[in-house]
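Biologist: Could you take me through the helix packing and the aromatic contacts here? Please begin with the helices.

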Amino acid sequence: MQNAGLQAAGLADWQYLALPLPPELFEETVRALPAAGFRGVNVTIPHKQAALALADEASAAAQAIGAANTLTFEDGAILADNTDGPAVLELLRGVLDPAGRRALVLGAGGGARAAVWALVQAGAQVEVWGRTPSRAAALAEALGARHAADPGHAEIVVNATSVGLDPNIDPFKAFPLKADTFETGSCVIDMVYGPGETRFLEAARSQGARVIDGLEMLLAQGVASFERWTGMMAPRMAMREAITTSPSP
């Protein structure tokens, strides 16, 4: 996706590379990258907290979420950001305004934390459900949401768990929801992506909900990183085409 964007933008001398790193070499390697000509990096598990810790500056999103998935090297400084939450809002606002809406976030991990933070910031009334109630309750308390052991109706539902990755798992046995929970006009987001639409989104769509899949999340995050690093508007069409043929950054 990123390389397709760089080519479409005419940045022929730029390249997006995979750099597998063990945790013990993460900080040392990242600090050496600017001198090697790198403009920035995307960061994934298990390095997101370490990325935030080593940064010289961090966005409000990264600080509140407690993790960074994007680092930008600028004027000798390392700038940390988290694009998960802003990506949720960008996609959601193309469908409905979250302000004042009832929202339910499923999960209590990093993706859920980002989604909860974003929705609370946007003025939604947010409930959090997790398979480990204590984690979900702690997340909700930390970010100004409400823990829901038995979630009610919501106009916005975000799945931030890995349930959608396994087509053999019935999401309505894994979650305390019924298939008729979703209504026409509601919006359902699945943060995970894989081949085809998840069973969770299929059920929501069949009930008339508008759905956003994990590939759209991936694209929104990729666009944000591209624009931070290059200072240019991202070529969305080229990047979208790249991820629809091969779901890799």
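Modeller: In α5, residues D84, A87, V88, E90 and L91 meet E216, M217, A220 and Q221 of α10, where contact means heavy atoms within 4.5 Å. Helices (H or I, at least four residues) and strands (E, at least two) are DSSP runs, numbered from the N terminus. This is a predicted model: local features need pLDDT of at least 70, side-chain atom pairs count only at pLDDT 80 or more, and totals for chains, interfaces and linings use all residues. Residues are numbered from 1 along each chain as its sequence is written, and side-chain values use heavy atoms, with hydrogens and water left out.

Biologist: At what angle do α5 and α10 pack?

Modeller: The angle is about 115°, and the axes are 9 Å apart; axes are lines fitted to C-alpha atoms, for helices over the stretch in contact, and angles run from 0 to 180 degrees between N-to-C directions. That makes α5 roughly perpendicular to α10, a term for angles of 65 to 115 degrees.

Biologist: How many residues of α5 are buried?

Modeller: Seven of the 10 residues in α5 (residues 84–93) are buried, so this helix is largely enclosed by the rest of the structure. Buried means under 20% relative accessible area and exposed over 50% (1.4 Å probe, protein chains only). The buried residues of α5 are D84, G85, A87, V88, L89, L91 and L92. They pack against α3 (48–54), α6 (110–121), β8 (156–159), β9, β10 (210–212) and α10 (214–230).

Biologist: Turning to α11, which residues are buried there?

Modeller: In α11 (residues 236–245), M239, A242 and I243 are buried. They cover an arc of only 90° around the axis, which puts them on the same side of α11; the arc is that of the directions from the helix axis to the C-beta atoms. The face turned away from that buried side carries the exposed residues M237, E241, T244 and T245.

Biologist: And what covers the buried residues of α11?

Modeller: The cover includes α1 (2–8) and α10.

Biologist: Now the aromatics. How many pairs does a search of the whole structure find?

Modeller: The search finds three aromatic pairs. Rings of Phe, Tyr and Trp (its six-membered ring) pair if their centres lie within 6.5 Å; planes under 30 degrees apart count as stacked, over 60 as edge-to-face and the rest as tilted. The ring centres of W129 and F175 are 5.8 Å apart with the planes at 85°, so this pair is edge-to-face.

Biologist: Are W129 and F175 buried or exposed?

Modeller: Both W129 and F175 are buried.

Key
Angles under 35 degrees count as roughly parallel, over 145 as roughly antiparallel, 65 to 115 as roughly perpendicular and the rest as oblique.
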